[in-house]
Amino acid sequence: MRYELYYWSTIQGRGEFVRLALEEAGADYVDVANLPARRGGGDAALLRRLGDKTLAHPPFAPPFLKAGRLFIGQTANILLFLGPRHGLVPAAEAARSWAHQLQLTIADLVQEIHDTHHPIAGSLYYKDQKKEARRRAADFVANRAPKYLGYFERVLARNPAGDRHLVGARLSYPDLSLFEIVAGLRYAFPRAMARLERRHKRIVALHDRVAARPRIAAYLASGRRLPFSEADIFRRYPELDEA
Ligand SMILES: N[C@@H](CCC(=O)N[C@@H](CS)C(=O)NCC(=O)O)C(=O)O
């Protein structure tokens, strides 16, 4: 089956967590909004699907995935769907539930990262909430990022199957997402991350192992991996990083 991924063009955003799973799986997919309009792509195509009045289960926001006749929204829910289909999560129910729990925690972290530069409203420009963003980001790098990273470091340390993966003895989709968190935080908060990485060696090692996986390495080197930017979730505003 050829999946259709719907996510805003030109940015990684939350779509990247789905792209990484599709790429690791070697799945056949089209990234609709990044296709040229003459091939039925672009943000206009995404907006047409979002506004499609015939969908009984309409997605609220991108990313969403078309899989045959199914439309599946919410990043963690898309990964819940893709994981078992592509061997990206163990078969046992307990492990699947654990992977989903970890993915939902990553979704919470992603929202907090977004809120460092948009603490008041996503509909306002960054320049209109800079003062609040500085306060929010200061708390994020001092308290929230260490709390989340400390949690995932402990999860790795306590994995009965070993500290190379978050769930069980093999790669699963939360590992791919944690890779993206590290890559994004390095981009957005290079100074804070230089400090934090020293205390989270298992997470850094996991990041490096994911980056070296053949399909992920090929993807990262390809034009399909879009660059980080200041139109995205992970933004580099030096004034928001720690001194
Ligand atoms: N909880 C959702 C959040 C989805 C979301 O916020 N999507 C953003 C782009 S990353 C969007 O376009 N939101 C539009 C809106 O909230 O109105 C998920 O994890 O997929």
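# Briefing: helix packing, nonpolar cores and local backbone features

Helix H3 passes helix H4 in a right-handed crossing. The model is a predicted one.

**H3 with H4**

- H3 and helix H4, which spans residues 93-117, have axes 10 Å apart and pack at an angle of about 150°.
- An angle over 145 degrees counts as roughly antiparallel, and H3 and H4 are therefore roughly antiparallel to each other.
- On the H3 side the contact is made by Ala76, Leu79, Leu80 and Pro84, and on the H4 side by Arg96, His100, Gln103 and Leu104.
- Sorted by class, the contact of H3 with H4 comprises five nonpolar, two polar and one charged residues.

**H1 with H3**

- The crossing in which H1 passes H3 is right-handed.
- H1 contributes Phe17, Val18, Ala21 and Leu22 to the contact, while H3 contributes Thr75, Ile78, Leu79 and Leu82.
- The residues of this contact of H1 with H3 are seven nonpolar and one polar, with no charged residue.

**H1 with H6**

- H1 and H6 cross in a right-handed sense.
- Glu16, Phe17, Leu20, Ala21 and Glu24 of H1 meet Leu176, Ser177, Phe179, Glu180 and Ile181 of H6.
- The contact of H1 with H6 includes three charged residues, together with six nonpolar and one polar.

**Nonpolar cores**

- The largest nonpolar core holds 64 residues, and those with the most contacts inside it are Tyr3, Leu166, Ile181, Leu185 and Phe189.
- Phe189 touches Thr116, Ala137, Phe140, Val141, Leu240 and Asp241, when residues up to four places away in sequence are not counted.
- A second, separate core consists of nine residues, among them Tyr6, Ala33, Phe64 and Phe71.

- Glu23 lies in helix H1.
- Buried means under 20% relative accessible area, so Glu23, at 8% relative accessibility, counts as buried.
- Apart from neighbours within four places in sequence, Glu23 is in contact with Tyr29, Arg215, Tyr219 and Arg224.
- The C-alpha atoms of Glu23 and Ala192 are separated by 29 Å, and these residues are 169 residues apart along the chain.

**Backbone features in loops**

- The peptide bond from Pro62 to Pro63 is cis, with omega near 5°.
- Pro63 is placed in the loop between H2 and strand E3, residues 64-67.
- Thr10 is not a glycine, yet it has a positive phi of about 70°.
- The loop between strand E1 (3-6) and H1 contains Thr10, and Thr10 counts as exposed at 53% relative accessibility.
- Gln74, also not a glycine, has a positive phi of about 75°.
- Gln74 is located in the loop between strand E4 (70-73) and H3, and at 58% relative accessibility Gln74 counts as exposed.

**Gly40**

- With a relative accessible area of 40%, Gly40 is partly exposed.
- Not counting residues up to four places away in sequence, Gly40 touches Val32, Ala45 and Arg48.

Conventions
Residues are numbered from 1 along each chain as its sequence is written. This is a predicted model: local features need pLDDT of at least 70, side-chain atom pairs count only at pLDDT 80 or more; totals for chains, interfaces and linings use all residues. Side-chain values use heavy atoms; hydrogens and water are left out. A crossing is left-handed if the near helix is turned anticlockwise from the far one by less than a right angle, and right-handed if clockwise. Helices (H or I, at least four residues) and strands (E, at least two) are DSSP runs, numbered from the N terminus. Contact means heavy atoms within 4.5 Å. Ala, Val, Leu, Ile, Met, Phe, Trp, Tyr, Cys and Pro count as nonpolar, Asp, Glu, Lys and Arg as charged, and the others, Gly among them, as polar. A nonpolar core is a set of buried Ala, Val, Leu, Ile, Met, Phe, Trp, Tyr and Cys residues joined through side-chain atoms within 4.5 Å. Buried means under 20% relative accessible area, exposed over 50%, partly exposed in between (1.4 Å probe, protein chains only). Axes are lines fitted to C-alpha atoms, for helices over the stretch in contact, and angles run from 0 to 180 degrees between N-to-C directions. Angles under 35 degrees count as roughly parallel, over 145 as roughly antiparallel, 65 to 115 as roughly perpendicular and the rest as oblique.
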